[in-house]
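Have the viewer open and follow along.

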Amino acid sequence: MGRGVNQILAQLSATLPPATMSSAYSFNGRVALVTGGGSGIGRAVCQLLARDGARVVVTDINLKGAEETLQLISGSSQHLALQMDVTQKDAVEAVIAAAREKLGAPPSLLVNSAGIAKLEPFLDVKQDRLNAIIDINLKGTFLVTQAVTKALLEKEQETEGETGAVVNIASMCGKTGLKYASHYAASKGAVISLSKTCAAELAGKGIRVNCVLPGLIATPMSQLIPEKSVQSHNSKNPLGRPGRPEEVAEVVVFLLSGRSSYMVGACVEVSGGTDM
């Protein structure tokens with residue numbers, strides 16, 4: 001199960017271009033909150049935001065994973081690693097309060113990367129599994145975005161001109177559907193709709209909202225995918241391989257930066273051309 005992703009990336013490691021170590025972006029000490037920062041795409045986003053000058057609040061339901069990410073990012077003393085259950089409003093608000101107390105400002109950059117997945121036939125999906133996936137993938141994105149936005153708008157009343165940016169991690173399957181992942185695909189389709197709706201409402205308040213639609217990316221979550229399915233994906237993918245977390249993270253950082261200042265409600269596909 002899932003060995004294909006790592007095997008293929010290992011074979012390609014000698015020919016793939018290295019992850020960039022420099023950037024034209026500068027976030028000048030702005031506070032960034034990343035959910036699901038303990039692994040995968042979320043971890044890569046934390047690393048690149050720190051590279052580009054942000055003070056990062058790494059959050060994850062798995063505190064150990066968040067702390068491991070903290071040790072991987074530059075200037076770790078300037079950042080925080082906190083446990084957060086994105087499905088609990090009180091927990092989300094507590095993290096924002098902690099960030100404000102320790103870093104002096106609420107987050108003005110937000111990346112909603114927390115998510116779970118499960119492969120199973122539609123007719124076999126139990127209600128508790130459906131609830132868990134919807135709660136984390138959709139409700140969590142909703143609650144965190146709402147709480148961060150409210151905190152940022154309160155800050156704007158104190159310091160005029162503050163702006164923010166939000167990037168939600170959806171999925172290509174939220175657009176195309178995915179066999180044996182009905183609940184996951186539905187939750188990610190909802191994240192796309194939520195992103196566009198929030199974008200329309202918040203743009204006038206100085207907060208841009210966009211989302212990213214990754215294809216198959218080599219993350220711990222992708223280990224759920226059978227090797228046969230990975231091989232099938234690669235045969236249809238113009239690049240012939242899964243993506244790397246940092247390849248998604250670079251797009252996320254662009255959408256958070258001023259270089260994407262005219263992008264609002266965009267859903268950017270990062271799929272290597274699969275399903276284009």
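Which helix and strands each supply at least two residues of the lining of the largest cavity? They are strand E4 (109-112), helix H5 (127-158) and strand E5 (164-169).

## Ground rules

This is a predicted model, in which local features need pLDDT of at least 70 and side-chain atom pairs count only at pLDDT 80 or more, while totals for chains, interfaces and linings use all residues. Residues are numbered from 1 along each chain as its sequence is written, and side-chain values use heavy atoms, with hydrogens and water left out.

## Overall layout

The protein has nine helices and seven strands; these are DSSP runs numbered from the N terminus, helices being H or I with at least four residues and strands E with at least two. Of its 276 residues, 49% count as buried. Buried here means under 20% relative accessible area, exposed means over 50%, and partly exposed lies in between (1.4 Å probe, protein chains only).

The protein exposes about 12,900 Å², of which carbon and sulfur atoms supply 53%. Accessible areas come from the Shrake-Rupley method with a 1.4 Å probe, and for residues only the protein chains shown count as cover.

## The cavity

A search of the whole structure finds one cavity of 30 Å³ or more, and the largest cavity has a volume of about 30 Å³. A cavity is a set of points on a 1 Å grid over the protein atoms alone where a 1.4 Å probe fits but cannot get out, and lining residues have an atom within 4 Å of a point. Grid points are joined across faces, edges and corners, and the volume is the space filled by probe spheres set on the points.

The lining of the largest cavity includes Pro-107, Ser-108, Leu-109, Leu-110, Val-148 and Thr-149. Leu-152, Gly-164, Ala-165, Val-166 and Ile-207 are also among the lining residues.

## Salt bridges

The structure holds eight salt bridges, each a side-chain nitrogen of Lys or Arg within 4 Å of a carboxyl oxygen of Asp or Glu. Arg-51 takes part in a salt bridge with Asp-52, with the closest N and O atoms 2.8 Å apart. Arg-51 is partly exposed at 23% relative accessible area, whereas Asp-52 is buried at 4%. Glu-250 also forms a salt bridge with Arg-51, its closest N and O atoms being 3.1 Å apart. This pair links distant parts of the chain, since Glu-250 sits in helix H9 (residues 245-256) and Arg-51 in helix H2 (residues 40-51), 199 residues apart.

Arg-241 and Glu-247 meet in a salt bridge as well (2.8 Å, N to O). Salt bridges that share partners join Arg-241, Arg-244, Glu-246 and Glu-247 into one network. Within it, Arg-241 is buried at 11%, and Glu-247 is partly exposed at 25%.

## A surface patch and a buried serine

Leu-119, Leu-178, Tyr-180, Met-221 and Leu-224 make a nonpolar surface patch of about 410 Å². Such patches are made of residues with over 30% relative accessible area and no salt bridge, nonpolar side chains (Val, Leu, Ile, Met, Phe, Trp, Tyr) being joined within 5 Å. Met-221 lies in the loop between strand E6 (207-214) and helix H8 (227-236) and is partly exposed at 31%.

Ser-257 lies in the loop between H9 and strand E7 (267-270) and is buried at 5%. Leaving aside neighbours within four places in sequence, Ser-257 is in contact with Tyr-25, Phe-27 and Arg-208.

Notes: Patches are made of residues with over 30% relative accessible area and no salt bridge: like charges are joined within 9 Å, nonpolar side chains (Val, Leu, Ile, Met, Phe, Trp, Tyr) within 5 Å. On a 1 Å grid over the protein atoms alone, a cavity is a set of points where a 1.4 Å probe fits but cannot get out, and a pocket is an open set with protein on both sides within 12 Å along at least five of seven lines; lining residues have an atom within 4 Å of a point. Contact means heavy atoms within 4.5 Å.
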